[in-house]
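Here is a short report for a reader new to this structure. Look over the sequence and the model, then read on.

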Amino acid sequence: MIKFKRYFPILDWGRRYDVATLGDDLTAAVIVTLMLIPQSLAYALLAGLPPEVGLYASIAPILLYAIFGNSSALAVGPVAVVSLLTASAIGQVVEPGTASYAAAALTLAFLSGILLLVMGVLRLGFLANFLSHPVIAGFITASGVLIAASQLKHVLGVPADGHTLFEIALSLVGHIRETHVLSLMIGASVIAFLFFVRSGLKPVLTALGVPARLASFITKAGPVFAVGATTAISWAYGLEARGVAIVGVVPQTLPPLTVPDWSPELIRTLFIPAALMSVIGFVESVSVAKTLAARRRQRINPDQELIGLGAANLGAAFTGGYPVTGGFARSVVNFDAGARTPAAGAFTAVGIGIAALCLTPLIYYLPKATLAGTIIVAVLSLVDFSILKATWRYATSDFIAVFATIVLTLSLGVEVGVASGVVLSILLHITKTSKPHIAEVGRVPGTEHFRNIHRHAVETSPTLLALRIDESLYFANANFLEDMVLNRLSQDGSQIRDVVLMFSAVNAVDYSALETLEALNTRLLESGVRLHLSEVKGPVMDKLAPTRFIEHLSGKVFLSQNDAWAALSVMPPERISPPSP
């Protein structure tokens, strides 16, 4: 039963559900629904799909996440970055605006769902750790710029296109003389209004005596006001006849049952984009979920999140949607509004379902410039170039990775950008671990502590070389250790008779590293030097104990570095002072 409950978190929190929790979840659901309706319409257009697809992607996926997900605050649905990735992946394979394009979006959601589900069942959530946060931040920043730039065509009312920043800019400049003034006025007004709502409306309302909770609610409903006002103006003044692009007919129905396109060629083409999208979506979702859970001292299981997101995407694939994931802004709003359980998402899905059934005729006259303005304001909050300054100050390698990800995403497109981000993250990890920090240590006088001889005043022995290895040993860094030991002995090691490798920070030794240690033991023995180990962790020693390396080790394995010092050092010890700063 416990294992069964692991895959169905609803069986756990559902037992404790009460009236007070219901009230909190309903309040959060109302606020998030008001926020999600215009966002879902806008993000569907960003993905190159009809606006109703955004509504469909906000019903079944949210319900399924409420059953399988384990975050009480994560708001799943269409998001900007995944929408852009969807448009990029499908737009190069199928003609936008066709039935085949919508079917390909279903296939993409299906592939993403299957990949996430398999990763969750196999407990592969740790793989996301190989995608570094700076690289993700760089990719999201560049994507935010691309998304905002791509929406300017709707604000200007011109037929521009392009997948890179250069292509988009060139297309916009080429059509700048065709700018539709009314569309520009609507788009610019919406952008200005939403920026004011985000930064200035709540203080104004509070100063006027409006209760803080109500002021917060009104602020979060800003996009709904923008949609309602511009739709009314468009209808009243007949802006469609005056050239303003509008949403048009939106089917007044619940999500239909759909089947993805099973074409082998399409599946092969979309598999890699689906994999990259899955990783990016999962990393973004689990980061938000963990952050919000920590504020309530709750715990998130990344593997269960994979299952929850996989189920949500499969739901989208069979109900007319497209790939979804957890959104940062909506999740924060959901949390702040008081959501206590995933049931808040289920209630949000009900609200979106009611909107799809009853409210879609009201958005016939909604200007596309309004939706574009909503997207621009939403995604600009994702743009954070301060990551460049922060990484430049802290680590040049991280700065290079972030800078390269931003430049490649903007210049070559999101698929190349996200792929390069994954590759750079892995290369960054390998680069850092291939040359681990190895410190020559000595004893702090009068203690049993051993510290770096270049940082502390310590005691050393002329016949003993003690090295602390600050990284696990594997195929990429084992030779670095061997070279360092041999180089150190060749410099001024004529008196050295014992080498102690301090394993206090070594969590694993792979087979390649084991062979290197065996070779090092043999070479040192041929030179009349014994090799010893100290402070080897239990799991590491369990692996090493039955090997030839331990059997033929020329020295001993000491429980502590101080035991090695007591047995091997020459008294009296020499004192070494660290270099002056």
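Is E535 exposed, partly exposed or buried? With a relative accessible area of 25%, E535 is partly exposed. Here, buried means under 20% relative accessible area, exposed means over 50%, and partly exposed lies in between (1.4 Å probe, protein chains only).

## Ground rules

The model is predicted, so local features need pLDDT of at least 70, side-chain atom pairs count only at pLDDT 80 or more, and totals for chains, interfaces and linings use all residues. Residues are numbered from 1 along each chain as its sequence is written, and side-chain values use heavy atoms, with hydrogens and water left out.

## The whole chain

The chain holds 25 helices and 10 strands. These are DSSP runs, numbered from the N terminus: helices are H or I with at least four residues, strands are E with at least two. The C-alpha trace spans about 95 × 60 × 60 Å along its principal axes.

Of the 581 residues, 53% count as buried. The chain exposes about 26,300 Å², and carbon and sulfur atoms supply 64% of that area. Accessible areas come from the Shrake-Rupley method with a 1.4 Å probe; for residues, only the protein chains shown count as cover. Take the contacts with a separation of 6 or more: residues 24 or more positions apart account for 80% of them. A contact means heavy atoms within 4.5 Å.

The chain carries 39 positive and 37 negative charges, and their mean positions are 8 Å apart. Lys and Arg count as positive, Asp and Glu as negative; His and the chain ends are not counted. Each charge is placed at NZ of Lys, CZ of Arg, CG of Asp or CD of Glu.

## The second largest pocket

About 710 Å³ of space lies in the second largest pocket. It is lined by 31 residues, and the closest to its centre are L45, L46, G48, A87 and K153. The elements giving two or more residues to the lining are α3 (19-46), α6 (80-91), α7 (99-121), α8 (133-156) and α9 (165-174). The largest share, 6 residues, comes from α8.

A pocket is an open set of points on a 1 Å grid over the protein atoms alone, where a 1.4 Å probe fits, with protein on both sides within 12 Å along at least five of seven lines; lining residues have an atom within 4 Å of a point. Grid points are joined across faces, edges and corners, and the volume is the space filled by probe spheres set on the points.

## Two positive phi angles

Most residues other than glycine have a negative phi. R123 is not a glycine, yet its phi is positive, about 55°. R123 sits in the loop between α7 and α8. It is partly exposed, at 47% relative accessible area.

E535 also has a positive phi, near 55°. Its place is the loop between β8 (530-534) and α23 (538-544).

V190 lies in helix α10 (residues 181-207). It is buried, with a relative accessible area of 4%. Leaving out residues up to four places away in sequence, V190 touches A226, T230, T370, G373 and T374. V190 and H154 are 36 residues apart along the chain, and their C-alpha atoms are separated by 12 Å.

W392 belongs to helix α18 (residues 386-394). At 55% relative accessibility, W392 counts as exposed. D384 is in the loop between α17 (368-380) and α18. At 37% relative accessibility, D384 counts as partly exposed.
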